[in-house]
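Good morning, and thank you for coming.

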Amino acid sequence: MAHVMLRSFLRINRRLTAKFCTSASEPSAQQVQKLDEVDRPEFLGAKSRWTETIEFVQPDIYDGIPVYRLMNREGNILNKELDPKLDKETVLKMYRGMTTLNTMDRILYESQRQGRISFYMTNYGEEGTHFGSAAALDPADLVFGQYREAGVLMWRGFTLDNFMNQCFGNCGDIGKGKQMPVHYGARDLNFVTISSTLATQMPQAVGAAYAFKRAQNGLCVVCYFGEGASSEGDAHAAFNFAATLECPIIFFCRNNGYAISTPTHEQYRGDGIAARGPGYGIASIRVDGNDTLGVYNVTKAARQLAVEEKRPVLVEAMTYRIGHHSTSDDSTAYRSVDEVRFWHQKDHPISRLRNYIVNQGWWDDEKEKAWKEETKKQVMQTFARSEKLKKPFVDNMFMDVYDEMPKILKEQYDYFKNHIQQYSEHYPLKNFEETG
């Protein structure tokens, strides 16, 4: 099945490249041979032929890159030949993960509104892109996330305690409280720690992919980003480096319609993000991000192409951000409630996958009710446990950057310790661990 998907993928890419690079009147093979024998442009870096017609390449000369989907809104497989035929446990793991993430999002979002954590970002409406892609990867593939890929970590084994501890910045946090909430990272799960600034992870991911290529380890790098991040200069540098260095990397764009408050029609005039791939020499494809199994198929084919041919692949997953951008955002200021309600009720990835597992006879209303109750109980228990933990030992803020603390940092450290000791009554030290 993967080979069938890969062949289809390559056909689409060749067809789109031809639309970008040729005019409506293709020369015959005989004409091409004659041109080769007589005269062709010899400019470095161009793949073209001469023309005597003033012909501008217009952005609207084609209908747009098609959106691949496998499963419709009713949960029915549209192309049986491309059915991945995933086993029951794998699909149910996807569904349980998506619903658990949804429940965790609701509780942590509300906790921020109550002042119990400082910041949060939900994943509402984008769960299908997380679990569909994560399931198709090798666990050893290296992931560079942006900040809305919690489901990828959850699939790989990041626990509810890991999520909660990071958001509270307590002593159980792997990052020792040094990051903002939702800036997860896990070395053992091959997930690079998230940074706030947009697109910085993209050229870093290309560097890692180049190292993988040199190591010939049979793995790839996956770099997630939003369509807003693709407007950053780092994105274009990353695309070009990946193409010219022929790196095994999947650029996975979650196009959810909005870069914070900026809708796509104000961000760019071209045909989305996938259309940029051919211009850089990157194989590209667009997929319905609300179709979890469709995302799985595309990611699996993209990984095969990246690993076997040592080349970058650009995947654009079309989805919709149902929630606010973050707890610092009010999306009602720039989009209608009716628009959000439509996507939530008519084309939610969780609803679509639920329809699929119901159609398979693997799920019913009774199981749904029991699972929701169990999930909420697990999340609430974890929340209560994490909230009670103390903050990390305060000295940690000076650690883990240098192998040996440099003189200037040691001076700051000594000043800090003296200050805390002198004015200890002004600091809630009882809320912190006493030793690291």
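Let me begin with a term: a salt bridge is a side-chain nitrogen of Lys or Arg within 4 Å of a carboxyl oxygen of Asp or Glu. Before we use it, please note that this is a predicted model, in which local features need pLDDT of at least 70 and side-chain atom pairs count only at pLDDT 80 or more, while totals for chains, interfaces and linings use all residues. Residues are numbered from 1 along each chain as its sequence is written, and side-chain values use heavy atoms, with hydrogens and water left out.

Which residue forms a salt bridge with Asp-395? The partner is Lys-417, and the closest N and O atoms are 3.3 Å apart. This pair links distant parts of the chain, for Asp-395 is in the loop between α14 and α15 and Lys-417 is in helix α15, 22 residues apart. Helices here are DSSP runs of H or I with at least four residues, strands are runs of E with at least two, and both are numbered from the N terminus.

How covered are these two residues? We call a residue buried under 20% relative accessible area, exposed over 50%, and partly exposed in between, using a 1.4 Å probe and protein chains only. Asp-395 is buried, at 4%, whereas Lys-417 is partly exposed, at 34%.

A search of the whole structure finds 21 salt bridges. One of them joins Lys-178 to Asp-400, with 3.7 Å between the closest N and O atoms. Lys-178 lies in the loop between α6 (160–168) and β3 (191–192), and Asp-400 in the loop between α14 (365–388) and α15 (407–422), so the pair ties together parts that are 222 residues apart in sequence. Lys-178 is partly exposed, at 37%, and Asp-400 is exposed, at 55%.

Glu-309 and Arg-311 also form a salt bridge, their closest N and O atoms being 3.1 Å apart. Furthermore, a network of salt bridges links Arg-73, Asp-288, Asp-347 and Arg-352.

Finally, we turn to helix α4, residues 127–134. The helix is mostly covered, with 8 of its 8 residues buried. Among them is Ser-133, which has a relative accessible area of 0%. What does Ser-133 touch, not counting residues up to four places away in sequence? Its contacts, meaning heavy atoms within 4.5 Å, are Gly-128, Val-152, Tyr-224, Phe-252, Val-295 and Thr-299.
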